[in-house]
Amino acid sequence: MMTELAAGGRLGVAIGVAGAGKSTALAPLVDAWKEDGRQIFGITLAWRQAGDLGAAGIEERAAVAAFIKRVEGGQYALDRNSVIVVDEVGQLGTRQLLELLRVQQRTGAQIVMVGDPKQCQSIEAGPVIDLLRNALGEDAIPQILTSIRQKTEREREITSLFRDGKAAEALEMKQRDGTAELVAGGRQATVQRVAQLWRERIDANRADPEFTLTVSAPTNADAREIGAAIRAESRRAGRLGPDATVLQATDRIGETYTLPLAAGDRVRLFDRVHDATVPGRKSVLGNNGDVVTILQLTQEGMIVRNHTGAEGLVAWRKIQANQGAAIRLTYGYATTVDTAQGSTATEHIHVMPAGSQAIQSFKAYTAASRHERTTWIVVDEASERRQLASRSMLGQMPNIREADVWRNIGENLSRQPQKASALDVLHQMAETRRATSRHTLRPHA
């Protein structure tokens, strides 16, 4: 893969499963490019994933939209000596891919892309990796299909089954392992069970200073509700003090809510923020999607510590649209699956508090591959039973067994809907035209 990306031309693409070490494998290439005097840029769809490229030695990192804007504004002067490393390329839409290719054509820069078409898809149009395959040819795109993130062969097998759209088989294995469970009682009971499981796993690994536990859910609202429940559990365990303030907060889509905060809280940022302690200093404390820990709450903002150990002040005015507006902030105890992509933890909990109906294979695989030891899957049973009952004949009382519920979850998590591109539509039209011609020209008896 490294050879193809380094010497395969001005546009290189590689595919690697979650946890294959794609980003780490870039480090020797980055060293070689630096030695050759090249300027290197690392970009992803979101700022948070772009920050992860620092592990490969790439200093200049940005989200795709910010990178394009800086190139067009002249802040980045690209030429044939420039290398653009694009990670998680499967999350890009065709419009963003086209903008990058236009930059490459205009400047002559080399583009290196890595990603996985089986993880979270772009919210915009187009299957970009399929388009790149069609353009470059299958042989020109190396693939790494073995993960090194999971520490046991069994966990690697389970994760691979999720990737292949065989969630039912993966869930059978997880049920036998005791790491997949249904929760009776509805959404609230499911959320409370996750908070309890979170505390159980933290307590069970208290002696391990390297232990990390992350939680993912389908939507921002799910993550916020789960985060509040975990926060309450943390307070009962004596890990969190009394609330120091209550904010009127909002997320990126404009949903508003009250947000009680205390020293020790973990919160998720929705903005790229700098330390406001020293005016003019550009020390980055976090990006959109990053989780930081609150050390102290003040009138001006919150003093936080990020994942690198850096501390600083996040001013309230920097994370609100204007004076008096809601603060862009939420709890960081749980995130969406899309935000979790690219992260690694010792253990992971994936929650479906409204059942599995809205989850497909790409998100299920992403959530099920964050861990080194194991991923815990927790599903609201009532939502699954309602979906199964809705398929029954009117007036009929269906006999729904637990095996039926698990089979329904397996079917939902195995779906791999492929986005159609304009080329797909043209191919379908051409095939329809050929079929019509064959039928019209066929002699009739």
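This is a predicted model: local features need pLDDT of at least 70, side-chain atom pairs count only at pLDDT 80 or more; totals for chains, interfaces and linings use all residues.
Leaving aside residues up to four places away in sequence, L329 touches L247, A249, T250, Y257, L259, L261, V267, R268, L269, F270, M302 and I319. L329 also belongs to the largest nonpolar core, a set of 43 residues, and is listed with V215, I226, L261, M302 and I349 as having the most contacts inside it. Helix 9 (residues 187–204) gives this core its largest share, five residues. Another core, of 28 residues, lies apart from it and includes I43, L97, L132 and I141.

Now for the pocket. The largest one holds about 1500 Å³ of space. Its lining has 50 residues, and T212, T214, R266, V291 and H307 lie nearest the centre. Helix 3 supplies the largest share of that lining, five residues. Among the other elements that each give at least two residues are helix 9, strand 8 (213–217) and strand 14 (291–297). Here is how the lining divides by residue type:

| Residue type in the lining of the largest pocket | Number of residues |
|---|---|
| Nonpolar | 17 residues |
| Polar | 20 residues |

Finally, have a look at the open sheet of six strands, which pair in parallel in the order 3-2-4-5-1-6. Strand 3 and strand 6 (143–144) are at the edges with a single partner strand each, so one side of each has no neighbour in the sheet. Further in, strand 4 (residues 82–86) pairs with strand 5 (residues 110–115) in the parallel sense over four bridges. V83 has Q110 of strand 5 as its bridge partner.

Definitions and conventions: Residues are numbered from 1 along each chain as its sequence is written. Side-chain values use heavy atoms; hydrogens and water are left out. A nonpolar core is a set of buried Ala, Val, Leu, Ile, Met, Phe, Trp, Tyr and Cys residues joined through side-chain atoms within 4.5 Å. Buried means under 20% relative accessible area, exposed over 50%, partly exposed in between (1.4 Å probe, protein chains only). Contact means heavy atoms within 4.5 Å. On a 1 Å grid over the protein atoms alone, a cavity is a set of points where a 1.4 Å probe fits but cannot get out, and a pocket is an open set with protein on both sides within 12 Å along at least five of seven lines; lining residues have an atom within 4 Å of a point. Grid points are joined across faces, edges and corners, and a volume is the space filled by probe spheres set on the points. Ala, Val, Leu, Ile, Met, Phe, Trp, Tyr, Cys and Pro count as nonpolar, Asp, Glu, Lys and Arg as charged, and the others, Gly among them, as polar. Two strands pair if DSSP finds at least two bridges between them.
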